Amino acid sequence: MGLWRRRALLFAAGGLGGLGFAPFGLWPVTLVSLAVLCLVVETGARNGAGRGSVFVSAWAWAFGNFLAGQYWIAHAFQFQANMPAWLGWVAVVGLSMFMATYPAVAAALASRFRKAPMARALAFAGAWMLTEWLRGYLMTGFGWNPLGITTLSLGPAAQGASWVGALGMSGVMLLAGYAIMLTAAEVRRHWREGWVFAPLAEPLGGGRALLAPLATALILGWLTQGDPTPSDTRVDIVQANIPQEEKYAEGAFYRNLQRYIDLSPPPGGEARLLIWPEAAIPRTLDTRPDLRRDLAVLLLGERDLFLTGALKLVPGQSSDDPWAGLNSLYAIGPDGGIHARYDKQRLVPYGEYLPLRPVLSRIGLDSFAPSSVDTYAGTRPRVMALPGFPDLVAMICYEAVYAEQADGATRPAWLLNVSNDAWFSDGGAAMHLAHARLRAIEQGLPLVRSTPTGISAVIDPYGEVIASLPRHEAGVIQASLPLPRAETLFARTGNALPIALALFLLAGALALPARSRRS
């Protein structure tokens, strides 16, 4: 088979592996696709292929995989007035090509372990975890769709994220893919020798031992998974189904505001939290006490609290940048006062701000950002103390992609993710919901999602969606907030634990003795 044909097949295999992501959740396809990638590492090591050859082959696989998980970004360019919509596909391809370098580096590194296959498997898993973590931060970072997110469709195995996080579950999936590849090679060898059932009769060992982490996650997840217990906290989540093209249309502000008001359930005798999504009010609320009071009179009972996304203008950092915005979540009481506010900290590059704006503006690339005013990152604590209600950690939109954004200085009772998924395609919105489910599992906390066009949801501390509104449907979720589970191991350690595990895997690969070439 020609080299380019082989790499085209690897590209296709990587793309098929993306079917393990939401909304499809076809995790067996992902495992088989990973086995193909692991075969690239194994054959490269055994045949003495150079790091460049393994890198390019693994890059082809990863390019297809990232395209399958990031295609939705092109949809956002339909609402970008400064650029043609077709440029969105250029952005998707360019971003996927860049992101593909991270798994390719991990594969090239693992192929240099000329010892036993077990050493290469451990090295690949450890290197994968480290490079996956790095891709969330280097060059502004984009941590979308970690490999471990595919375990959400693997039933109880997803509960492993409560111990080692999504990052650790990525390593578990990679080891399982390597196990499938080695077992398939062993079956093929025995078939040629006339002993097709020999691998099934042999004790657990070799490549099949790499399935142990996934089996452990399945068993422990099954043992620890429980039913959510409702609390006394009531939440009313409003999804107004306002498309992005209508949000900023001429005269749309009061029309859209009225739509939210009409959908909001009237106050009753029971205290409740009324929740609107990110930027539901695309104005600054700090300077509008009249608007806050009017909304409080219309929407709130004497024991209610109103949580809504809105904006805040702050002075810029230079004369060229006189004003900037904060993407904020406000907690407004029955008196119209602001009882708490959280400002988004993890911003979307080229969506909420333009990196190196003074430089890029001079060469005409400021059109890549939708506004001439940058959004600044907030510095307030993530934990919001709500009078009369349990404390929460707020995550605004893209922040749900990052595990550390769900972690507060003190442990809250629940997580709130307000988002504007009107930018997303339906598949992208389903992927965003999957990230929120991972954050709930990692922290052992219930999570509420509020979006204008869906998918709004209430998620229990085991990551299960217990109430939701589908895409493109207006409505209200009225639910009791589940109680949190006991603090998880990951909630205590954060990503420090999976990073330490990745380094341990690499050290184990180095420590393994050399084996025969056949092994």
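Predicted model: local features only at pLDDT ≥ 70, side-chain atom pairs only at ≥ 80, totals over all residues.
**Helix 5 and helix 6**

Two packed helices are described by the angle between their axes and the distance between the axes. Helix 5 covers residues 87–99 and helix 6 covers residues 101–110. On the side of helix 5, the contact involves Met97, Phe98 and Met99, which meet Thr101, Tyr102 and Pro103 of helix 6. The residues of this contact divide into 5 nonpolar and 1 polar, with no charged residue.

**Cis peptide bonds**

Two peptide bonds in loops are described here as cis. One runs from Ala22 to Pro23, with omega near 5 degrees. Pro23 is placed in the loop between helix 1 (3–17) and helix 2 (27–46). Another cis peptide bond joins Gly454 and Ile455, where omega is about 15 degrees. Ile455 belongs to the loop between strand 9 (447–450) and strand 10 (456–459).

Asn145 is not a glycine, yet its phi is positive, at about 50 degrees. This residue sits in the loop that runs between helix 7 (117–134) and helix 8 (161–193). Ala279, likewise a residue other than glycine, has a positive phi near 50 degrees. Its loop lies between strand 2 (272–275) and helix 13 (289–299).

**Buried loop residues**

| Residue | Loop between | Relative accessible area |
|---|---|---|
| Asn145 | helix 7 (117–134) and helix 8 (161–193) | 6% |
| Ala279 | strand 2 (272–275) and helix 13 (289–299) | 10% |
| Asn495 | helix 16 (489–493) and helix 17 (496–511) | 19% |

Buried means under 20% relative accessible area. Asn145 therefore counts as buried, at 6%, and Ala279 does so at 10%. Asn495 has a relative accessible area of 19% and is therefore buried as well.

Which residues is Asn495 in contact with, leaving aside its neighbours within four places in sequence? They are Trp133, Leu167, Ala403, Glu404 and Phe490. Asn495 itself lies in the loop between helix 16 and helix 17.

Technical notes
Residues numbered from 1 in each chain as written. Heavy atoms only, no water. Axes fitted to C-alpha atoms, helices over the stretch in contact; angles between N-to-C directions. Helix = DSSP H or I, 4+ residues; strand = E, 2+ residues; numbered from the N terminus. Contact = heavy atoms within 4.5 Å. Nonpolar A, V, L, I, M, F, W, Y, C, P; charged D, E, K, R; others polar. Buried < 20%, exposed > 50% of the residue type's maximum accessible area, 1.4 Å probe, protein only.
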